[in-house]
Amino acid sequence: MEGVQYFFICCLLLFSESFADDELNTRRFPENFKFGVATASYQVEGGWNASDKSPNIWDYALHKNPDLVVNRDNGDVACDSYHKYKEDVALLKDLGVDFYRFSLSWSRILPNGIDDKISVDGVNYYKNLIAELRNNNIEPLITIYHWDLPQILQDAGGWTNDNIVDWFVAYANVCFKEFGNDNKNWLVFNEPKQTCQMGYGTAEHAPFINSSGVGEYICAHNLLKAYAKTWHLYNAVYRNVQGGRVGITIDSSWFEPATESREDIEAAERGLHFTFGLYANPILNRDYPAVMKSLIAKRSSEEGLEKSRLPAFTEEEIEYISGSYDFLGVNTYTSNMAKAENNPDPSPGSHQDAEIATWQPDEWERTNSSWLKVTPWGARKLLNWIKNTYGNPEIIITENGLSDDDSTLEDDNRIRFYQSYLSNIHDAMELDGVNVTGYTAWSFMDNFEWTKGYSERFGIYHVDFSSPNRTRTKKKSATWYQNLIKTKCIVDECIH
Ligand code: GBH
């Protein structure tokens with residue numbers, strides 16, 4: 001009896017091991033495929049009032065109402081990268097990354113928000129960082145806007161004031177002029193969905209404005225115009241001299257249809273159009289997704305409104321925005337199930353407007369995070385959907401990663417997470433023909449995780465936030481990533 005049991009356990013172990021190995025892609029990423037790591041200004045820099053920097057919407061909101069964040073954490077000091085950038089670059093060098101993705105703080109560069117005064121110290125901080133990267137053979141990949149609007153512009157309405165199109169383009173112009181000789185890849189915006197939906201819809205992010213279904217769409221409308229105008233500025237004025245490329249990072253959960261019914265397949269598709277398509281369709285295709293236009297118009301009229309809550313682009317604007325990209329940044333983390341909502345919530349809001357029910361099944365592997373369930377297959381499906389919906393654009397994965405609770409430096413879970421996602425991304429490239437040219441791990445180091453503060457840790461380097469030195473320590477995942485960059489291979493040994 002015992003022998004039989006032993007035999008079964010052996011078989012199970014063997015089977016599960018070979019099964020796990022089978023699942024991972026064991027070929028090398030292409031020689032020219034690039035690997036990097038990412039951060040964002042408010043999450044790592046600190047130096048919130050250094051020199052003439054003015055407060056941004058996160059500084060302002062969290063100083064006024066610290067309880068918005070777990071443990072009343074904020075980004076006043078964060079990782080102190082404002083002072084420790086040389087140390088950061090030394091770590092990046094050791095890690096061996098091809099590029100480092102970071103973002104610029106608008107209010108550090110333009111303390112008045114508008115371009116009437118350029119901060120010498122602010123500009124020099126980034127010039128020094130870029131020079132340090134270049135001297136160490138690391139390409140910068142600069143995000144111009146990662147959610148930290150100057151508060152002074154928020155006081156004037158922020159992303160819901162049409163003037164922001166010109167304020168933003170003036171800021172982007174300063175960035176191109178000051179840094180464009182040394183930076184060739186630009187992401188104009190990071191995850192506009194979070195700027196608009198969470199910032200001006202559900203009030204979960206700064207400036208914490210509650211205007212679901214109204215403010216969030218006005219924000220999206222202005223942001224898309226600002227994006228296209230920035231791309232055209234670069235295209236007309238800077239491309240010839242600087243020779244760089246301009247794109248945008250858009251994020252979405254993958255939406256998996258709950259059943260094979262037509263309703264649920266359409267519901268999942270709607271989920272993608274309401275999150276990814278809202279921003280991607282005007283740029284990579286034309287205009288807002290048709291399903292968004294018709295559904296929001298219908299619901300608006302049911303609300304007794306004369307016009308749709310989703311603003312309309314003119315023909316000229318549609319034309320101008322369409323095709324304004326050189327590559328696409330994609331952030332991928334997780335998935336949701338989706339089915340048609342039979343009792344749609346009539347209140348305005350981009351979530352309600354989509355008329356879908358979404359959830360994450362209990363069987364999906366949980367993490368320390370409330371929203372991030374481990375669904376590596378979802379990354380592959382999302383990439384395929386983008387390829388099929390938008391005609392196979394060049395994609396750089398600009399974020400992907402896993403958080404934990406700071407309990408260990410031996411972060412085997414994070415290594416497994418990276419292996420499984422990278423394996424699916426590689427499959428999407430090799431087997432499905434998706435044009436992915438680079439991958440960015442979020443994050444280089446533990447940092448300020450927005451309203452979760454320092455309680456959720458995404459870093460492959462640990463940061464000790466209780467020490468004034470903000471000591472960085474390599475986690476096991478960083479050693480793993482270092483080896484991946486060297487070998488382009490996600491397992492111990494690749495066969496090709
Ligand atoms: C990215 O945001 C950010 O670019 C980066 O700054 C951030 O640190 C990183 O990822 C890790 O979070 O409605 O409960 O499903 C991802 C932001 C967080 C946005 C989860 C959508 C959904 C919450 N996403 N959020 S829920």
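Colleague: Is C494 buried or exposed?
Modeller: The model is predicted: local features need pLDDT of at least 70, side-chain atom pairs count only at pLDDT 80 or more, and totals for chains, interfaces and linings use all residues. Residues are numbered from 1 along each chain as its sequence is written, and side-chain values use heavy atoms, with hydrogens and water left out. A residue is called buried under 20% relative accessible area, exposed over 50%, and partly exposed in between (1.4 Å probe, protein chains only). The relative accessible area of C494 is 11%, so C494 is buried.

Colleague: Which cysteine forms a disulfide with C494?
Modeller: A disulfide is a covalent bond between the sulfur atoms of two cysteines. Here the term is applied to a pair of cysteine sulfur atoms within 2.5 Å. The sulfur of C494 lies 2.2 Å from that of its partner, C489.

Colleague: Is the link of C489 and C494 left-handed or right-handed?
Modeller: C489 counts as buried, at 3% relative accessibility. The angle about the S-S bond is 100°. With this value, the link of C489 and C494 is right-handed.

Colleague: How many residues apart are C196 and C219?
Modeller: A search of the whole structure finds two disulfides, and one of them joins C196 to C219, with an S to S distance of 2.0 Å. This pair links distant parts of the chain, with C196 in helix 9 and C219 in helix 10; helices (H or I, at least four residues) and strands (E, at least two) are DSSP runs, numbered from the N terminus. C196 is buried at 0% relative accessibility, and C219 is likewise buried at 0%.

Colleague: Why is strand 4 described as largely enclosed, and how many of its residues are buried?
Modeller: Strand 4 covers residues 185–190. The rest of the structure largely encloses this strand, because the count of its buried residues is six of the six.

Colleague: Which residue of strand 5 is the bridge partner of W186?
Modeller: Two strands pair if DSSP finds at least two bridges between them. Strand 3 (residues 139–145) pairs with strand 4 in the parallel sense over three bridges, and there Y145 has F189 as its bridge partner. Strand 4 also pairs with strand 5 (residues 245–251) in the parallel sense, over four bridges. In strand 5, the bridge partner of W186 is V246.

Colleague: Is N392 buried or partly exposed?
Modeller: A78, in the loop between helix 3 and helix 4, has a positive phi near 45° although it is not glycine, and A78 is buried at 1% relative accessible area. N392 is also not a glycine and has a positive phi of about 50°. The relative accessible area of N392 is 30%, so N392 is partly exposed.
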